[in-house]
Amino acid sequence: MKSFVYRVSCCIAFFSLILCYGCESSDVRPDLQRVEGKLTINGEPAAGAVMVFYPAQGKEFDSRGSRPRAKVDEQGMFQLTTYQNGDGAPAGEYQVGILWFDDPDSSKPWNKLGKRYADPEKSEISVTVEEGNNQLTPIELENVTISKRPARRRQSKDIDQVDE
C-alpha cells in the first residue's frame, strides 16, 4: 500500500513539473518605446477609431504575433499599446490599418471606412517608431468617403401588404 501511494505521489510530482515547465514562457518581450499621435479624418478627430500597427515586411517581434494598437479618443489622440495599456511599441517600421465602427458594441458593427483603411497594405499609412519617446506626425486623412450602414429593408409577412 505504501509503495502504491509513493508511486502515485511521484507521478503527480512529475506531471506537475512537466506542466510548470510547459507554462514557462521562452518568449522574450522586446523593449517598448512610448508612442503618441493624432488621427483626423476629413479634418475631424476620428473618435473611437481603432488603429493596428503591423510590422513592415511581415517581420514579427514576438512568437505571439502581437500587434501594437490604439483607440482614438474624443480629441483624436492615441497612445500605442502592445501588452499593457499605453506601454508603447518596439522600435521599427509599421504599416497601419484603421477600423472605425459606427456601433462597436453591436453584434454586427459597420466599418465606416470600408475595406481600404482596414488593410494595412492598402491604407498607404506607414509609421516609424524610434528609440525613446515618440510623438508621431499627425495622421490626417482627407477626402475620405464615410460609408453609412445600408438601411434594413422591412420584410412584410403578408405578400399583398405594402410598406408605406
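Colleague: Is D31 buried or exposed?
Modeller: D31 counts as exposed because its relative accessibility is 66%, where exposed means over 50% relative accessible area, buried under 20% and partly exposed in between, with a 1.4 Å probe and protein chains only. This is a predicted model, in which local features need pLDDT of at least 70, side-chain atom pairs count only at pLDDT 80 or more, and totals for chains, interfaces and linings use all residues. Residues are numbered from 1 along each chain as its sequence is written, and side-chain values use heavy atoms, with hydrogens and water left out.

Colleague: Where is D31 found, then?
Modeller: D31 is in the loop between α1 (2-23) and β1 (35-41); helices (H or I, at least four residues) and strands (E, at least two) are DSSP runs, numbered from the N terminus.

Colleague: Changing topic, which strand does β3 join through 3 bridges?
Modeller: Strand β3 (residues 50-55) is joined in that way to strand β4 (residues 69-71), and the two run antiparallel, with K71 in β4 as the bridge partner of V50. Two strands pair if DSSP finds at least two bridges between them.

Colleague: And how many bridges are there between β3 and β6?
Modeller: β3 and strand β6 (residues 92-99) pair over 6 bridges, in the antiparallel sense, and V52 stands opposite G97 in β6.

Colleague: What about N42, what is its phi?
Modeller: N42 has a positive phi of about 55° although it is not a glycine; N42 lies in the loop between β1 and β2 (44-45) and is partly exposed, with a relative accessible area of 30%.
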